[in-house]
Amino acid sequence: MIPSRRRFALILWCLAGLVLAAMVVLSRVQLPATAFGAVLAIALLLFVFPVVIGMGLAGVYQQAWLSWQAWAVTIVVIVLAGIGSQGPLPVGPFDLQGAATLMFVGAGAALYTGTGIVLFQRDIALAVGTWASLGVVWGYVLWWRVGGDFIAAMLDSLLAPSTSPKPIFWPSVLIMSLLCLTPLALASFAWHTWRLVARERARVALPVAGLSVEEEISR
Amino acid sequence: MASDDRELRLNILALPNQQKVIVVMLGLVVFGTLLGIGYNAPTSLFWALAVLLLGLSFRQVLASFEAEVRNLRLRAADRRFAPLEARIAALSTSLGLSPPPILAIADEPTPRVVATWQRRYITVGEQRAHELLALLDDPQKQLIADAVLLHELHHLTHGDHLWIEYARSLLRNGLLLILWFALLLIGIVGLLALVQRSFFTYVTPATVSVIAEGLAPGTGDSVVAAFFGSVEEFERVAAEARQIDFTQVLFNVIANTLPYLLICALLLVIYWQRLLHLREFCADAGAVRILGNAEPLTKAMMLGFGSSEKAPAASRGLFSWIRTWQASIKHRLYSVTPGQRAGMLRAPERLNGPAWKYGLTIGLYLLGLNLIISSTATLMLLGDWPMHFPLITTTALISLYLLTPLVLGQPTGRPLWIALIAALSLHTGTIILSLGILGGLAVVAPNLMIELLEREARNLAWYTRLDSSRIAGDPLSIFATAAYVNLAQIPVVILLSAGVLVIIVSFARRMLTWYRLPGAEQKLMRYISIMIGACVAVVALVILPPLTDITLLRFAESASWGSPFYWAMIGLTLLLATGLGVRFVQLDRQHACRCPCGAAVTGSFTLGKRCPDCGEVLHPWLGVSYPDPATAPIPMLEVTP
């Protein structure tokens, strides 16, 4: 990692810590009802920061996305943060649930950026797009078989939100993931196709050690 | 080496390119099926799939090249290998290959070709490249290096890198695309089946109105109107949805995709191995033809320049064991041993194998097609023969097979019948087995038989617009109809196919005596291929349609007799056949049974036949002479580069 990148990464990590601290502080401040607009603005900002930080960190550590460990860690963080954001404790401290929500948003943004990076580094958009769509459809089938009737649960959560255990969360994540992934996969596929044709027309082989075969020969 | 040691052998490169034939066959199956279903289907989904598959398979050729360059860690050959590059350029020029391929150093030691339309590389491991340099340095051993390079260059002149890579891309993409499509459809249908009842129970106009009112008071009616149109409309759609038989839909999806998956997998296993073996044998034949000697190539193989005897070494990474296992299976299935290659050089006429084996390979291909386009029940329900395509394919492929004995002057009757019976035996066996099951069900469980046929009828009705009411009737009479339409075709197909083959063989035998044909090396096999195509077209378009109507006793009711398209098709085919026939007679008068020197030559052509007058070998391009690689002395085996 070059020094400027390391500095940038350090700044992002510090920023992430600050946002979490700000969230903890804000959660303990009793704001008057008249300050609803300010609370809303701060809450929105709190969601913008994790997105920016997640995307920034994913970009800084872009080489890490080529290893399975980075994916495993991010997915574990997303799952844990997702569970935490749903309030696993009956009476939990608000800051724990809030921190988990922010981490969920940040890790989600990082994962999305990482997916984009890998999709533009590797020509795997077709495989990812096709198998992801399959995963979503079969995910819903399995969800229905295991978790029961989610249409009834969804209506229940809309008609009686106070008693509903928020059952529509995971199905929404599935469909949202597919909706977000599709344009990325399509763009990556189109870009790689254009690149393949352009390289063929220009008679260029893949660069090895920074140079193509022709370039090395012409030296 | 004394010239009298040389033996005249069949030049397999002079015969029609078997690799291209196989790739065309594969393309016919994959695209023909999609387009065939798409032609009658009420949706353009299958056309879209065919176009998608075409585009993806071409794209995959380019993507595979890039992946191969990356996996082999291809790098430019430096100045140390300049003599090797110069030799490649010189040999390429002699083969008319321009521009010459570029030498690249790879992690894999065995020399190979990595190429696309515009980019062509001969790759070799660094150690092997040094060994080739050492061989080139020694005038006595230079031919060994030439044999290795010529073998690789022949892959390029033969177009192996494109034809075979395209076939692989097509089968792989076809398999994955349809697998994905099938699993997605099954998942969606399964989900719809689960959701259907719940959706129409809970998501009613009243519920939606309550939710909308809760979110934004006063919007209930407009949201309901936007979602459902009206309450009556909702009730109508709900009633229609409740009537959908999702089991039947699921059956349709599986019945329309599973055979396709099976055939792609089957073709991949059978023909991929055949294609890879043919690729190596043809490249060997090309190299030996240029060198006029098989000895350097066999020595190169003994020095390890051919395909490796060992499976690839274990790769690194998380799933390395899967990759190692996969590589080992592939190696066992597809690699060609030096022994097999030397055997083929010794007896090139064995390229297509024995007649029964060749016939069985065609039989498996036909069986796969049968899985897709028909079944015993389909036959009866559609009231037509799906044997047209098997008959045409069998006739064309066996004709190509018989060219080898024809050129060698061997009898063709026995291989013709063996290949024909082997090719049609699997299909015939399937028909008899299916009829046995149908007959058994008609007696033991008639209701089950009717139910199965009705399911099949509904499945077919989707893309053939078949009237499924035709299924009604007594199970035994239905079985009798099915038995007749299935069994009646068998003798007709075998006899018709044999008859056409005899005609094709007679024409080809005569055409092989066109010794005076100018440019015979380039033209004769093309003319023979055109003749085979014309005979098959006449059978398919002129003979088979009326013969089907006559045998199925529907001569009077057949709609095709009143169709101008039908008569135009027959007229055009006959016109074309007449034109070709006239041309055949003209060429035959000018060139048959006469040596280029003008002397008359009697009897059929046999490889190595000479003119009785001038003593020149007739059609010398059909043969290639070199000493037997097994008995040739090996004075240079002590080579240790």
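**Ground rules.** I am working with a predicted model, where local features need pLDDT of at least 70 and side-chain atom pairs count only at pLDDT 80 or more, while totals for chains, interfaces and linings use all residues. Residues are numbered from 1 along each chain as its sequence is written, chains are lettered from A and ligands numbered from 1 in the order written, and side-chain values use heavy atoms, without hydrogens and water.

**Entry 1.** I searched the whole structure and got three cavities of 30 Å³ or more. A cavity is a set of points, on a 1 Å grid over the protein atoms alone, where a 1.4 Å probe fits but cannot get out. Points are joined across faces, edges and corners, and the volume is the space filled by probe spheres set on them.

**Entry 2.** I looked up the largest cavity, and its volume is about 120 Å³. It has 16 lining residues (an atom within 4 Å of a point). Closest to its centre I found B:Ile12, B:Leu15, B:Pro16, B:Gln18 and B:Leu351. Helix 16 of chain B (residues 388-408) gives the most to this lining, with three residues. Helices here are DSSP runs of H or I, at least four residues, numbered from the N terminus.

**Entry 3.** Next came the second largest cavity, at about 100 Å³. I counted 14 lining residues, and those closest to the centre are B:Ile12, B:Ala285, B:Leu345, B:Pro348 and B:Tyr626. Helix 10 of chain B gives the most here, with five residues.

Definitions and conventions: 1 Å grid on protein atoms, 1.4 Å probe; cavity = no way out; pocket = protein on both sides within 12 Å on 5 of 7 lines; lining within 4 Å. Helix = DSSP H or I, 4+ residues; strand = E, 2+ residues; numbered from the N terminus.
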